[in-house]
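Visitor: I have a model on my screen and I would like to know what stands behind the words used for it. Could you take me through them?

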Amino acid sequence: MTAIALQPQVHPAVEGGLHLEVTGISRQTESIVSITFAAPEGGRLPSYVPGSHLVVQYGSGVNAYSLTGSGNAPSEYTISVLRVDEGAGGSVAMHRLSVGDRVNVSRPRSAFAPASTASHHLLVAAGIGVTPILSHARAAVERGNTASMIYVHRPDAGAHVTEARELLGPGLTALVECTSRDSFQSVLAEALITQPLGTHLYVCGPVVFMDAVLEEARSQGWSSARLHSEAFGATELDAGEPFTVHLARSGVSLEVPAGVSLLETLESAGKTIPNMCRKGICGECVLPVLRGAPQHRDLYLSDQEKAENTTMMCCVSRSNDPELELDL
Amino acid sequence: MSSTIIETDPDATLLPERIRRFPFPFANDTYRYSANVEPATKDAPTEAGSWGTHLVDIDEHYLDELAERAKVLERDASRVNVLPHMRGSVWDALITLLSSMADDYPDTMSFHRAGNICRWHNGLQNLDIEFTVGDDSSLPGGPMRFLGSQIQDDIILLDVREDTLWLDAGLVTFAADWSFGFDVGMNFTEIHHPVPRVNEERIVSRAEQFLLRLQPGEQFRRTNWTMTIGRRLDTSTETYPEWGPDRSTIADDPALPEKLHLRVEVQHLIRLPHSGALLFLVRTHLLPLSDIARVPAWRERMGHVLAELPDDMAAYKGIIRYRKAASDWLLGR
């Protein structure tokens with residue numbers, strides 16, 4: 001079965017994105033597979049910021065995966081996926097893809113960018129967290145910056161190890177591989193006190209691992225401005241819960257599903273709502289609320305206005321109550 | 001009181017292109033600061049025509065304005081600056097804009113890239129050039145100066161770090177009463193500090209949050225306006241002695257309708273795809289009041305906006321001494 005058959009509808013998270021073809025599959029380790037996508041008609045894909053991720057649709061769900069390239073004028077995108085059998089199903093679906101399958105993906109999204117002013121980049125990865133770190137290492141080499149990398153993986157089970165080693169040179173000046181917790185502890189402790197002035201640290205891996213690395217860096221006097229960790233989805237609003245909206249003057253009720261905005265729902269029902277930015281900033285799509293508590297997600301209303309719950313910006317805001325009543 | 005005969009074209013299609021394509025900024029009879037952002041490259045109709053389908057707008061003034069920019073840069077090197085960490089962002093901006101122009105003007109422009117080798121053809125300038133991405137010496141004057149020789153817009157690059165925007169590179173020759181050389185290295189809040197009302201109304205912090213949340217590849221735009229005496233693009237702080245004195249004489253000048261221009265900036269806000277920096281383009285359009293008056297709806301609306309504008313805003317825009325004379329003329333008083 002091809003992935004396209006599993007995607008009857010484009011998920012809102014990948015709307016306005018790209019429709020790509022699987023052009024390569026390669027096994028990295030027993031549980032990690034690399035998947036390469038390209039435009040079916042060939043040609044260049046949008047460049048991306050190092051450390052970016054791609055939201056990939058599988059069936060009715062979506063998952064975000066880090067891109068492993070440098071992001072400079074790419075003609076293909078590569079992600080690596082760890083199979084998680086007890087997960088929501090995304091990784092299992094990715095592992096089932098084969099060459100020639102079509103997938104809906106978002107445009108690359110940046111949430112883990114390198115700092116332009118860093119004098120040196122200290123890259124720390126654990127397990128599958130190597131994917132955005134590899135992207136950073138490649139970009140540093142390409143841009144003529146310097147980076148060093150600490151990579152923790154199980155013995156003989158490191159993804160992208162060969163590629164990381166091949167990057168070693170004037171750009172990636174050091175690669176330390178650790179296969180035990182103890183060796184990593186001493187390597188990290190040493191690295192945190194021997195970096196050049198102006199070094200930024202980037203970490204990706206399991207949450208507990210990232211927290212431990214960041215905590216230790218802070219205790220060594222690193223300011224948070226120089227610490228970066230991968231946080232998927234931090235820059236986008238989540239799909240939210242479904243709710244019902246009752247339009248008092250029109251006398252109709254509409255269902256607002258998760259992942260669909262109130263503005264889109266009203267437009268689908270034939271209502272014309274003035275709007276400009278559709279991002280909760282311009283203030284055009286303000287609507288009067290008669291009943292219920294909106295879940296304000298805009299940047300337009302003041303805290304006081306938000307607390308009053310008499311108006312809401314329908315492009316981004318949703319409802320805390322199961323039902324909202326609007327003067328519409 | 002003087003009486004004025006205003007020529008009004010009955011049919012908008014007879015209006016010259018400079019009026020039909022002018023981005024008239026007023027939607028109402030009053031004006032206040034707002035974020036007023038909308039997605040870029042969307043056709044915006046006006047009473048006289050429309051504007052805004054292209055990211056880089058090329059008009060009848062193309063060669064003249066680029067020649068004027070070259071002269072300004074020759075006189076004053078402080079109008080261009082690229083802090084060292086912004087080199088990659090400048091290349092990113094150049095590639096993004098040349099590709100966009102080639103897509104929008106296929107009859108006169110083309111852009112091809114193979115690896116890092118690029119070829120750019122600009123038929124309006126009889127220019128055909130090959131260069132290498134990342135090699136500053138492969139373009140005359142480097143990538144920022146070269147970009148400034150291809151587009152009429154002023155160019156500003158903001159670095160994104162520590163949840164803040166920093167003005168760290170740019171080429172600005174047509175500033176409206178500010179100094180690029182003074183602002184380089186400042187953050188978003190510092191840059192906007194002199195603007196009245198915007199901090200109290202949280203417009204600056206909201207705009208910054210919006211810009212920080214833009215994803216690479218996203219493009220938005222907004223308009224801003226002021227007024228300029230004479231068709232003068234370079235009204236930067238550096239040249240104030242040349243244009244400042246006109247402000248105190250224009251109110252009594254019988255040639256006010258021809259000399260006084262509505263100055264509209266079409267500002268584009270673009271998150272660059274590879275560097276993640278924010279590219280802020282400012283394209284300046286000037287139209288004299290005598291042309292504004294040829295569109296009756298514009299004449300009336302602008303007259304009311306000028307008459308109603310609060311004093312602090314009129315003072316900041318530098319129009320307080322002549323705005324009454326201008327609105328009186330527009331409203332036929």
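This is a predicted model: local features need pLDDT of at least 70, side-chain atom pairs count only at pLDDT 80 or more; totals for chains, interfaces and linings use all residues.

Visitor: Why is A:Thr29 called buried?

Guide: Buried means under 20% relative accessible area, exposed over 50%, partly exposed in between (1.4 Å probe, protein chains only). A:Thr29 has 12%, so it counts as buried. Its place is in the loop between β1 (18-27) and β2 (32-38) of chain A.

Visitor: What is A:Thr29 in contact with, leaving aside its neighbours within four places in sequence?

Guide: A:Ala157, A:Gly158 and A:Ala159; contact means heavy atoms within 4.5 Å.

Visitor: What makes strands β7 and β10 of chain A a pair?

Guide: Two strands pair if DSSP finds at least two bridges between them. Six bridges join β7 (residues 120-126) to β10 (residues 199-204) in chain A, so they pair. One of the bridges has A:Ala125 and A:Cys204 as partners.

Visitor: Which order do the strands of the open sheet follow?

Guide: The five strands run β9-β8-β7-β10-β11 in chain A, with parallel pairing. At the edges are β9 (172-178) and β11 (227-229) of chain A, each pairing on one side only.

Visitor: Which strands does helix α2 of chain A touch?

Guide: Helix α2 (residues 130-143) packs on the sheet and touches β7, β8 (147-152), β9 and β10 of chain A. Helix α4 (residues 181-193) of chain A also packs on the sheet, touching β7, β8, β9 and β10.

Technical notes: Residues are numbered from 1 along each chain as its sequence is written. Chains are lettered from A and ligands numbered from 1 in the order in which they are written. Side-chain values use heavy atoms; hydrogens and water are left out. Helices (H or I, at least four residues) and strands (E, at least two) are DSSP runs, numbered from the N terminus. Axes are lines fitted to C-alpha atoms, for helices over the stretch in contact, and angles run from 0 to 180 degrees between N-to-C directions.
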